[in-house]
Amino acid sequence: MRRICSLLLLVSFLYSATAQVKIHAHNDYAKPNPLFDALQKNCYSIEADVFLIRGNLLVAHTYKEARRNKTLSSLYIEPIIQLFKNNKGAISADSTYKTSLVIDIKDNGTEVLKELILIFEPLRFYFDRSVNPAAVQIIVSGDRGPIAAWKDFPSYIYFDGRPFEEYDQPALDKIAMISDNYFKYLSKSNIGDIIKLKMVVEKAHSFMKPVRFWGSPDQESVWNLLRISGADIINTDKPADCRAFLNSNIQKN
């Protein structure tokens, strides 16, 4: 058992050693300039919550907030396609920059997943890295459907895993990141204790997957806590502030 734990720690260290902390733009659609501000800050992933209402994927945090003019297509898919056309097959003029669109399904996951396949199948150049290495990666979070079915999804559909779910290799191959609730491990009163966070990080890294914690307090002290705990991705509603914080720490180091 001790040898297994040591091996997991070694894998985690090797994974972390080559990784830089990245930014996840949480609830990006709620920002004044969805998509574009996140891209300007080189966010690793951009989150859109969706509901399937009358055959349309509407972007909103709650069902009551859903509006007909705020669709996944109008806010994200169409602008992304236009950016690829403007930048000769990439999301940005910086051809080395890649990003992911995290689609957080709020309910009715099985039906929404069917709709996503209908939408993205003809758009694989823009959303399938097996077709175009610069494509935006689709990551499904929230109501993700049965784990056993993940292996049957097309190459452009990936999933947001959890640290202590059980995965066979085909399911693990479909996971793009590992995520969990920050307050499942820490409370506001024990913010300085990172042992529990590090345990999750080590578990995710044993899968060779990046890890993020959602719901964490959106402030520099917590960003630093996540950074030193080994988290690969910081979940934030403040991408500009978080980018400035990370850049300042790079300069210090």
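## Strand β4

Strand β4 (residues 100-105) is largely enclosed by the rest of the structure, because six of its six residues are buried (buried: under 20% relative accessible area; exposed: over 50%; partly exposed: in between; 1.4 Å probe, protein chains only). Ser-100, Val-102 and Asp-104 are buried on one side of β4, and Leu-101, Ile-103 and Ile-105 are buried on the other. Strands and helices here are DSSP runs, E of at least two residues and H or I of at least four, numbered from the N terminus.

This is a predicted model, in which local features need pLDDT of at least 70 and side-chain atom pairs count only at pLDDT 80 or more, while totals for chains, interfaces and linings use all residues. Residues are numbered from 1 along each chain as its sequence is written, and side-chain values use heavy atoms, with hydrogens and water left out.

## Neighbours of β4

β4 pairs in the parallel sense with strand β2 (residues 45-53) over six bridges; two strands pair if DSSP finds at least two bridges between them. In this pairing, Ile-46 stands opposite Leu-101 of β4.

β4 also pairs with strand β5 (residues 137-142), in the parallel sense and over six bridges. Here Ile-105 stands opposite Gly-142 of β5.

## Leu-57 in strand β3

Leu-57 lies in strand β3 (residues 56-59) and counts as buried because its relative accessibility is 6%. Its C-alpha atom is separated by 5.8 Å from that of Leu-72, 15 residues apart along the chain.

Neighbours within four places in sequence aside, Leu-57 has contacts that include Val-50, Phe-51, Leu-52, Leu-72, Val-112 and Ile-119 (contact: heavy atoms within 4.5 Å).

## Helix α3

Helix α3 (residues 72-86) has 15 residues and reaches 20 Å from first C-alpha to last, close to the 21 Å expected; the expected span is 1.5 Å times one less than the number of residues. Its buried residues are Leu-72, Tyr-76, Ile-77, Pro-79, Ile-80, Ile-81, Leu-83 and Phe-84. The elements covering them include β2, β3, β4 and α4 (109-120). After α3 comes Lys-88, with a positive phi near 55 degrees.

## Helix α7

The twelve residues of helix α7 (residues 195-206) should span 16 Å at 1.5 Å a residue, which agrees with the 16 Å between its end C-alpha atoms. Leu-197, Val-200, Val-201, Ala-204 and His-205 are the buried residues of α7. Seen down the axis, they fall within an arc of 130 degrees, so they line one face of the helix; the arc is that of the directions from the helix axis to the C-beta atoms.

Ile-195 and Met-199, on the other side of α7, are exposed. Met-208 follows α7 and has a positive phi, near 65 degrees.
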